[in-house]
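Open the model in your viewer and keep the selection tool ready.

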Amino acid sequence: MINLHGLTYVRLGTRDIDAAARYAADILGLQFVRRDGGWVYLRSDGCDHTLV
């Protein structure tokens, strides 16, 4: 078994990017960084982004 200590970046696919971004911000507490084409970048710490 792998002992996971942390993740650096995660990319998730979704059919409804706006709903996914709202969920990430409202429920998970991530901060919106930018939207670039069909991608939304959010962060949870001092990194440029944590979730795309």
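Start with Asp36: its bridge partner in β2 is Trp39. Helices and strands here are DSSP runs (helices H or I, at least four residues; strands E, at least two), numbered from the N terminus. The model is predicted, so local features need pLDDT of at least 70 and side-chain atom pairs count only at pLDDT 80 or more, while totals for chains, interfaces and linings use all residues. Residues are numbered from 1 along each chain as its sequence is written, and side-chain values use heavy atoms, with hydrogens and water left out.

**The hairpin**

Select residues 31-36, strand β1. Five bridges join β1 to β2, and the two run antiparallel. Strands pair if DSSP finds at least two bridges between them. Move to Arg35, which stands opposite Val40 in β2. Now take the turn. Two residues lie between β1 and β2 in this hairpin, and Gly37 there has a positive phi of about 65 degrees.

**Arg43**

Stay in β2 and select Arg43. Is Arg43 buried, exposed or partly exposed? Arg43 counts as partly exposed because its relative accessibility is 23%; buried means under 20% relative accessible area, exposed over 50%, and partly exposed in between (1.4 Å probe, protein chains only). Show its contacts (heavy atoms within 4.5 Å). Leaving out residues up to four places away in sequence, Arg43 touches Leu30, Gln31, Val33, Asp48, His49 and Thr50.

**The core**

Select Ala21, Ala24, Leu30, Val40, Leu42 and Leu51, the six residues of the largest nonpolar core. Such a core is a set of buried Ala, Val, Leu, Ile, Met, Phe, Trp, Tyr and Cys residues joined through side-chain atoms within 4.5 Å. α1 (17-26) and β2 (39-43) are the elements that give two or more residues to this core. Pick Ala21: it touches Val40 and Leu42, not counting residues up to four places away in sequence.

**The pocket**

Last, select Leu12, Thr14, Ile17, Ala20 and Val52. Of the 14 residues lining the largest pocket, these lie nearest its centre. α1 and β2 are the elements that give two or more residues to that lining. α1 gives the most, with four residues.

Definitions and conventions. 1 Å grid on protein atoms, 1.4 Å probe; cavity = no way out; pocket = protein on both sides within 12 Å on 5 of 7 lines; lining within 4 Å.
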